[in-house]
Amino acid sequence: MSTSILVVDDERAIQDTLAWCLRTDGHEVRTAGSGEEALAIMADQGFDLIISDIVMPGLSGVDLLRKARALQPRTPVVLITAFATVETAVEALREGASDYVMKPLKFDDLRHRVQGLLGHRPAFRESALPHHSVECGVPDRGLLGGSAAMLAVRAQVAKIGPAASNVLITGESGTGKELVARAIHAASPRRGQPFVPINCGAIPESLLESELFGHMKGAFTSAVQASPGLFAAADPGTVFLDEIGEMPVHMQVKLLRVIEEKQVWAVGSTKPLRIDIRVIASTNRDLDKEVEAGRFRGDLFYRLNVVHIALPPLREHREDIPLLADHFIREFNLKLGRQVQGIDRDALRALIAYPWKGNVRELEHVIESAMILSDCEILTVGDLPRCVVGESVPRNDSLRELNRQSEREHIMTVLAQTQFDKREAARILGISLASLYRKLGERRISAPPLQN
Ligand SMILES: Nc1ncnc2c1ncn2[C@@H]1O[C@H](COP(=O)(O)OP(=O)(O)OP(=O)(O)O)[C@@H](O)[C@H]1O
Ligand SMILES: [Mg+2]
């Protein structure tokens, strides 16, 4: 999904050049010559970002900021300021402006900020209506994603978190099953209580019962001390039974009994212990099929599957990749003591095109390895593992495309240097004014179609 940006400036030349620059980056751009015009446009269209000059006749950029925040409260606003109005711009940050840029505009700088701002917000468009129901629920503990698929998951988490029901989370490996389980716990009244993840596939079958339900001293040869078990340790919190599909059938029977009777029998004990826990289970298998095949008990399946959350594989919500990549960059900046600012366009394209069989976890690993390999502030295609680049975009830019890109960069720089004096820019570039106009126009034609 491309992003939509509203550019507001009373100077036509700045409107045009900014629009041109942003369109060639793949954004949809609308322009307005005044704050009043901008508000009229905003009344019937939502934007992902607004870039506005401060000093304009009529409504100033700061007035526009205030009104825009009432109309589309989560749309970031970037102000363009001359040296003389820097203080106004800084004050505007307090009123909710997301950023400001100085004239003369430096396009690479602007592009970075735009990318940063668009990356930090959910990738769905602010609708023309002021409210969106999903965002203002309970905190969902780092469960990111603004795609329709992830918004649906987040809405489910917010809704069933407070309920008492057991939950079954399914999804391919690395899709965030544990994260979702934690988010549900955090959204529940048990949030201050233990959250105990148990990897059912990792505990040897012979130990599973005593690990889960505890044992008395002397219950078996190695039981030199009594142990309460993980279920009792979770009481009165949440048990997360990861990889429930790996649980042996005879243990499934015992688990069912614990869930139904709300009490555990420690191995070797003659008295049950009452417990109050919520059970969240997860699997990357198709439990329906496992039940059919007789490998998973139907009665336990129905007990666990009171609410079902199916997590989408990452390739089905690729629009969340920029946001997730950015999130992992920040995380590894902290962990590795780095100051990586972001990821360049080609590398991001490669990430978006890759099939991600290991889902979000694989993306996390790719970003980590790129950050370990790279010495630069911006991650590039060269920092990505070969499999990622190879499977997605064999760099197929023709020389002509490369020339076009560098030509564009140079034109932008010169225009900025000359404060958008196109005549002067054409002189420096050594081309006629007409051909400069043509070059600016050409790009607009090849840009995505506009809605207006
Ligand atoms: N929507 C998301 N937002 C932010 N981080 C995410 C998201 N989904 C997954 N992650 C991160 O990806 C990694 C893998 O997630 P998690 O361990 O929850 O997946 P899983 O489905 O349990 O994987 P596995 O099947 O391998 O156990 C974690 O570091 C998690 O924080
Ligand atoms: Mg897991």
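**Entry 1: helices H13 and H14**

I began with a contact between two helices and found that Ile-321, Pro-322 and Ala-325 in H13 meet Leu-348, Leu-351 and Ile-352 in H14. Sorted by class, this contact has six nonpolar residues, with no polar and no charged ones. I note that the model is predicted.

I then looked up the geometry. H13 covers residues 321-336 and H14 covers residues 345-353. Their axes come within 10 Å and cross at roughly 115°. Angles of 65 to 115 degrees count as roughly perpendicular, and H13 and H14 are therefore roughly perpendicular to each other. I recorded the crossing of H13 past H14 as right-handed.

**Entry 2: helices H6 and H7**

I next examined H6, residues 148-160, and its packing with H7. The angle is about 35°, and the axes lie 8 Å apart. I noted a right-handed crossing for H6 and H7. On the H6 side I listed Val-153, Val-157 and Ile-160, which meet Val-180, Ala-183 and Ile-184 in H7. By class, the contact of H6 with H7 has six nonpolar residues and neither polar nor charged ones.

**Entry 3: the surroundings of ligand 1**

Which residues are the closest to ligand 1? I found Leu-144, Gly-176, Lys-177, Glu-178 and Val-360, among 19 residues that surround the ligand. By class, I recorded six nonpolar, nine polar and four charged residues in this shell.

I also checked which elements contribute. H7 (177-186), H13 and H15 (359-373) each supply at least two residues of the shell. Domain 2 (148-314) and domain 3 (317-391) each provide at least three.

Notes:
Residues numbered from 1 in each chain as written. Chains lettered and ligands numbered in written order. Predicted model: local features only at pLDDT ≥ 70, side-chain atom pairs only at ≥ 80, totals over all residues. Axes fitted to C-alpha atoms, helices over the stretch in contact; angles between N-to-C directions. Helix = DSSP H or I, 4+ residues; strand = E, 2+ residues; numbered from the N terminus. Parallel < 35°, antiparallel > 145°, perpendicular 65-115°, else oblique. Left-handed = near helix turned anticlockwise from the far one by under 90°. Contact = placed C-beta atoms within 7 Å. Nonpolar A, V, L, I, M, F, W, Y, C, P; charged D, E, K, R; others polar. Near = placed C-beta within 6 Å. Domains from an automatic or database assignment.
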